[in-house]
Amino acid sequence: MDWIVQTLWLIPLLPLVAAAVSALLKQHQRRLSAFLAIGSMVLALALSCAAFINVIEHWGHSSAVRQAVNFFWFQAGDPQVNGTALRLGWVLDPLAAVMLVMVSMVGLLIFIYSLGYMAHDENFTRFFCFLSLFASAMLGLVIANSLLLLFICWEIVGLTSYLLIGFWYHKPSATAAAKKAFITTRIGDLAVLLGMVWLYSETGTLLFYDGGKGCLEHSALATLAVQTTSLGMAVSTGIGLLIFCGAIGKSGQVPLHVWLPDAMEGPTPVSALIHAATMVAAGVFLVARVYPLMAAQPAGDASVPGALQVVTWVGAITAIFAASIAVAQTDIKRILAYSTISQLGFMMLGLGAGGVAVGMFHLITHAFFKALLFLGAGSVIHGCRDEQDIRRMGGLRKLMPVTFATYGVGMLALSGFPLLFSGFWSKEEILHAARGWIAPGPFYLGVFAALLTAFYMTRQVCYVFLGSVRSRRREGAYVAGAPGLGKLEPPYGRVAQPSHGWGAHSAARREQPEMLEKPAFAQPLTARSGVRALPSNLQETWATGPHVGSYEVHESPRVMTIPLVVLAAFSVLLGFGGTPAWPWFQGLLSGEQATGQLGKLFEIEVLRLMLLSSGVVFLGLGLGWWLYGRKPVSRVDEPDVLERLQPEVFALLKRKYFVDEIYEASVIRFNAWWAQVCAWLDDWVWNGLVQLISLLVVGLAWLDRYFDEYVVNSGFDEGCRRLTKGGALMSRLQCGQVQRYLRLLGLALTVLVLLLIWGCRAS
Amino acid sequence: MTPLTCYLLVSALLFSIGLAGALTRRNAILVLIGIELMLNAANLNFIAFWRYGPNPQALTGIAFVIFSIGAAAAEAAVGLALIISIYRHYRTTNLNRIDSMRG
């Protein structure tokens, strides 16, 4: 076995060590913590690349394409008799290698970017500690060869997501969003746990690959596929669906997508790394990892397995659902968040309809261009002094040229601009797979979602980069709509979004603006009148970038733009690794040697689809340009073009189909009601029981005391008293008068003599 | 020859007189004299029973009584010495007032 396989565990361990050391650093040791995090990521990237090269070397030799190292974690009982041994392990296969390189490279770039973005945050070391922990867990998840190990890392990833969304924990909306993310994904995780237990009870192992005995290998799959549950569903389908529930939660598929847009409350690098590029892709990765299980069919059965049908439909519905919401959003990060959900839907669609290679290819390309878009958005937000509302931006094309150029590349890649950009090729693959699928529905949904993708990205770019500058030049000039609420600068600013977190929470916030400010700032807000009074040290804390005190829009520092350029380059180049003419990437994942056939591009089927999707993309771009670019928005409060055309539809989309409200009215209300019932039960029933028992005990104790005091104690006391009295009585005999003793003796003698005489008489 | 009963009666009388003296007198010396009388009554009994016993030739009774008289003499000496030291301590020989051993 190769050295790289043996040392694969180092890849997640290095960032973990960095996180552990960072956790112990003091707040001001910024350089050291950043050095640790970035250094560990560089090493992890180097090892990942070595692993990737190793996989490429073994490409084509089917025997060594997958190398796993397993070890005993712990054993219970005697292994010879009936003991269970829990084994963990790591695996190096094309899937893991591709993900390793992607995660460590995107991670590294975002770490570097964070140096600039978080430069003025006082909790810099904590941020890098969490980021490193996240990277460690994510890399561990990727190489895990056991569903258990994968699940452990999966949960750590969820934890770091929670920690990082709530990084600015003094902002109520951030803590609410963190809780929402944690709880929503937990619903899916519960299903994964159930699936895992089921899988273990059926196969007796959680290892994926174990020399023929693993749960994803032929013998286990063959038995799982032929067994059926009570509902007539194959066991493999049942387990696959349970595991897919976890992917729904983590990858923000409908109906558990609600947490992902709110997760944008975290710092922008976090949004880029965790909630766009890597963590949310973990769900897709999980489906890709257990794909053999989902695809398992009894021999001779050629129909599409139920689990994959569900995956395909959920993906297609999510893609169109989220894309339509993104059309009507005004927050730059929220648009990207909904776009992420939509693209994750595309990946699921690709996985379900076309297999691992199709879905994973889009995952990899998407990771790069979505990280690029988010970092670009971060740069924009940074440059506009923490403004996130696209209506207040505009005209940044000239002010932030590097950001504009790279953002444009990302936008075209996401829209799937033909031929040049990676997004086109990966989306093309997915649509191609959907075209040949058993039902036509997902294909049409996908095409329409692609149209909407191009449309909303054009809208966003027009709003942000074109037109006139609508940003606030002077902060004093801006008067907030609701006093005290409107513009408390970063990152407290955007509190007025209709449903951050759960609706009730934000409603409460809206009613009590004063309550919000005080805990958030912990400083007296001196002036409540028109002039904004931002405490000066706060400005220093939150003002990012070198231009403290100047309100001009500015380009971001070099440390932030260089990662953008690198990511932009990858966004373009990656696509050529997976074109129909040269399916290198697909070949790598399936283990077959790829051959370049330029002629394949011009096959009638491929060509027709390419033309169709190009047409769709151009239609979307053109529509966006026609509506938003032709006559740029000039005023901040100008209503959206769509809002003028279709106010009802726009309102529906703007409020995200009222999903949050529906959850609020159903699940949350039920939950609150149930909590109240539980509280009532607690107060009255259980509390009453406990009180009753305690009363009983108190009564018993009282009885016991009574017995002690009046029976035991008084018995002793009386006995002692009598004994004393008896002693006193007896002591009278000891009168000290010798003659009295003698008298007694005489008396006794007389009695004795008389008795003797009487006795003699009797006999 | 005087029958045994007479000796025994004399002895009993002597014992009773001694006992009465020992019980009623308050002076310790007189109590001691009463005790001596009782002892002598016992000695008289020894002699009488020996003399009228089955084997008067062996001098067992005489020997016993001589020892008894010896013991009585020693006892009298010790008793008198005690009485003297009691007198020195309490300045009295009245037995009613010597009751420091009372319980």
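Let's start with chain A: 48% of its 763 residues count as buried. Keep in mind that this is a predicted model. Chain A has 30 helices and two strands. Look at its contacts with a separation of 6 or more: 77% of them join residues 24 or more positions apart.

Now the core. The largest nonpolar core holds 222 residues. Which of them touch the most other members? They are Leu100(A), Val106(A), Met138(A), Val284(A), Val287(A) and Ala371(A). Take Val106(A). Set aside its neighbours within four places in sequence, and Val106(A) is in contact with Leu273(A), Ala277(A), Thr278(A), Ala367(A), Phe368(A) and Ala371(A). There is also a second, separate core, of eight residues. Ala22(B), Val31(B), Ala41(B) and Leu95(B) are among them. As background, nonpolar side chains in soluble globular proteins tend to be buried together.

Next, a helix pair. Find α2, residues 10–24 of chain A, and α3, residues 30–58 of chain A. Their axes come within 8 Å and cross at roughly 175 degrees. Angles over 145 degrees count as roughly antiparallel, so α2(A) is roughly antiparallel to α3(A). Which residues meet? From α2(A), they include Leu10(A), Ile11(A), Leu14(A) and Val17(A). From α3(A), they include Leu36(A), Ala37(A), Met41(A) and Leu43(A). By class, the contact has 13 nonpolar residues, four polar and no charged.

On to α29 of chain A, residues 659–731. This helix has a kink of about 40 degrees, centred on Asp682(A). Is α29(A) mostly buried or in the open? Of its 73 residues, two are buried, so α29(A) lies largely in the open.

Lys656(A) is buried, with 23 other C-beta atoms within 10 Å. Now compare chain B. Arg91(B) lies in the segment after α3 of chain B. Phi of Arg91(B) is near 60 degrees too. But Arg91(B) counts as exposed, because it has 8 C-beta neighbours inside 10 Å.

One peptide bond to flag. From Val254(A) to Pro255(A), the bond is cis, with omega near 5 degrees. Pro255(A) is in the loop between α9 (235–250) and α10 (259–262) of chain A. For context, most residues other than glycine have a negative phi, and most peptide bonds are trans.

How do the chains meet? 10 residues of chain A are in contact with 10 residues of chain B. Helix α30 of chain A, residues 738–762, gives the largest share of the chain A side: five residues. That side has three nonpolar, six polar and one charged residues.

Two last stops. Leu193(A) is in helix α7, residues 172–203 of chain A. It is partly exposed, with 15 other C-beta atoms within 10 Å. Cys215(A) is 22 residues from Leu193(A) along the chain, and their C-alpha atoms are separated by 16 Å. Then Pro54(B), in the loop between α2 (28–51) and α3 (60–90) of chain B. Is it buried or exposed? Pro54(B) has 5 C-beta neighbours inside 10 Å, so it counts as exposed. From Pro54(B) to Leu95(B) is 41 residues in sequence and 44 Å in space, C-alpha to C-alpha. That's the tour.

Note on methods:
Residues numbered from 1 in each chain as written. Chains lettered and ligands numbered in written order. Predicted model: local features only at pLDDT ≥ 70, side-chain atom pairs only at ≥ 80, totals over all residues. Helix = DSSP H or I, 4+ residues; strand = E, 2+ residues; numbered from the N terminus. Buried ≥ 20, exposed ≤ 12 C-beta atoms within 10 Å, placed from the backbone. Contact = placed C-beta atoms within 7 Å. Core = buried A, V, L, I, M, F, W, Y, C linked by C-beta atoms within 7 Å. Nonpolar A, V, L, I, M, F, W, Y, C, P; charged D, E, K, R; others polar. Bend = angle between axes of the 7 residues up to and from the residue. Axes fitted to C-alpha atoms, helices over the stretch in contact; angles between N-to-C directions. Parallel < 35°, antiparallel > 145°, perpendicular 65-115°, else oblique.
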